[in-house]
There are 2 protein chains.
Amino acid sequence: MCQILGAPGVRVPAIMERVTDPVEHGAPPSTAREPPAPLRRPAALPARRRSAAEEARTLLAGARQGVLASLSADGAPWGSVVTYGALADGAPVLLVSLMAEHTRNLEADARASLVVAEPPNDDNPLDRGRVTLAGRVVQPEGAARAAARAAHLEAMPSAELYIDFDDFRLFVLEIERVRWVGGYGRMDTVEAPDYVVAAPDPVAPHSHGAARHLNADHADALLEIAVALAGFTDASRARCEGADRYGLDLEVATPRGTAHPRVGFTAPVDAPDGLRGACVELVRRARATDLSGDLATD
Amino acid sequence: MCQILGAPGVRVPAIMERVTDPVEHGAPPSTAREPPAPLRRPAALPARRRSAAEEARTLLAGARQGVLASLSADGAPWGSVVTYGALADGAPVLLVSLMAEHTRNLEADARASLVVAEPPNDDNPLDRGRVTLAGRVVQPEGAARAAARAAHLEAMPSAELYIDFDDFRLFVLEIERVRWVGGYGRMDTVEAPDYVVAAPDPVAPHSHGAARHLNADHADALLEIAVALAGFTDASRARCEGADRYGLDLEVATPRGTAHPRVGFTAPVDAPDGLRGACVELVRRARATDLSGDLATD
């Protein structure tokens, strides 16, 4: 550990400081540097996180392009870019041309996996979410085909131009195995039944914008939340690092160091435009909190 | 064809109007609408395009994250996100943890392919470049390992923290087969020897910015180029749609319709910062062109 942190000139990304388990995708092991604890018992509810199944469903819902791994005639793995829509149970629907190598592959061997990844960021492409959905493709018929066709077109309206051509095929990937990686130190295997019943986070498309807005225009409110709800009564500054249907991830500066508490909403947000109301409610609760007594060391 | 263009309310992306060959990734077949021809014989040199091998090398050089397809123990295809650097011959160098499924896969069966794709755009994710590099991985030793290590670190400096850990492996993907797709109607298979000797386009990292700058600040110069060098003497407006080491792709408005000529530089640009000089030279040539006589119909 000291070997890592002690290396001169090596900047350790903040995210790594929080890693507590050995990870498989390139982060160093945990460090000895402990973030500061709250000084008061947090008034916010225990902050639930999206489950791995919800993360997987959210990633799938947030894109319409992925990389398909299929098997070439000789059994070698072949990767190729595909577009997809998703059925209500999270099964991806691919539309592929008979002229494409992956289509010939799928017709000969139905085994496939689809990788969907958040766009890489500049800092570190490994600190981003991605999911692998592995299973077998089927060509849906009848009502199942109609549902698959509609799901693909919802994601890719321009495919209307050729979706019914004779030389295109619709495939549904029936999922048997899901592996989600959320970035450094966050990963899990998801059982197919859990994946099927999980829902994508409805606020995910707006969460980056919401965090930007909170940081740009509501720094005072974030500080009130950090002090009153997260219990960092010595906080001097708070930033929103992320927002999801269950709460906010904060970065809180204190004289004792930087903490990364999570503050939960009273209830999960169920509507795509519900983040604003949930944040207003957090501020209301922060202002209503009695900051006398109830120290964390009580 | 009329079936496509005649559909009411269906916007046909401009790019599709230029498709002349059947394609495998979802574009409709060619349309009957012919773009206008130049009125004068173009004064610019025949505008070379990047070869498929150069496109593949340019894509690889422009990213450091891709999706690896490997084989699970049961022979099923498994996709996963990996980071890479590239050796001088374009072979990707992967750094993977023993804890990761893809590492176990590669150690059991060396066959793999790596997909590198441009980030999707909002209009249509299929109208973007991507490449599949297929082959077998090897674990380099001695001087080859040192070169591979340096190549990976050049792309991923933060990997310095763990690249020498016992539970990480460096793999070089020795390429046997390359499939490049440039978007609708642009695709090719590249032979491995051609891939190895091709060079990435040095101006690719700056080409989007250059096109934006030309359109924002030098619309008059683009129009001069369209008139004098591309031969569209009736052009009313010209935009730069793309720039590469060999020339500019223009969109030219004329009373006869919109044309998409390409204008070649006098010599390929060899330096990352060479686009500006090449464009200045184009404008100089445009202004020096004698526009009397020499009609395309001569």
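1. Basis of the model. Because the model is predicted, local features need pLDDT of at least 70 and side-chain atom pairs count only at pLDDT 80 or more, while totals for chains, interfaces and linings use all residues. Residues are numbered from 1 along each chain as its sequence is written, chains are lettered from A in the order in which they are written, and side-chain values use heavy atoms, with hydrogens and water left out.

2. Confidence. The average pLDDT of chain A is 88, and 87% of the residues score at least 70; pLDDT is the predictor's confidence in each residue, from 0 to 100. Residues 1-32 of chain A have a pLDDT below 50, yet this stretch has 54 contacts in the model beyond near neighbours in sequence (contact: heavy atoms within 4.5 Å). Where pLDDT is low, the predicted coordinates should not be read in detail. For the complex, the predictor gives an ipTM of 0.85 and a pTM of 0.86.

3. The same surface serves both copies, since 100% of the contact residues of chain B recur in chain A.

4. Interface extent. In the model, 56 residues of chain B are in contact with 57 residues of chain A. About 4,400 Å² is buried between the two chains, 65% of it on carbon and sulfur atoms; this is the accessible area (1.4 Å probe) lost on putting the two parts together, summed over both.

5. Salt bridges. The structure holds 34 salt bridges over all chains, each a side-chain nitrogen of Lys or Arg within 4 Å of a carboxyl oxygen of Asp or Glu. Two salt bridges are counted between chain B and chain A. A:Glu101 and B:Arg177 form a salt bridge through their side chains (2.7 Å, N to O).

6. A link within chain A. The side chains of A:Asp201 and A:Arg50 also meet in a salt bridge (2.7 Å, N to O). This pair links distant parts of the chain, with the two residues 151 residues apart.

Methods:
Helices (H or I, at least four residues) and strands (E, at least two) are DSSP runs, numbered from the N terminus.
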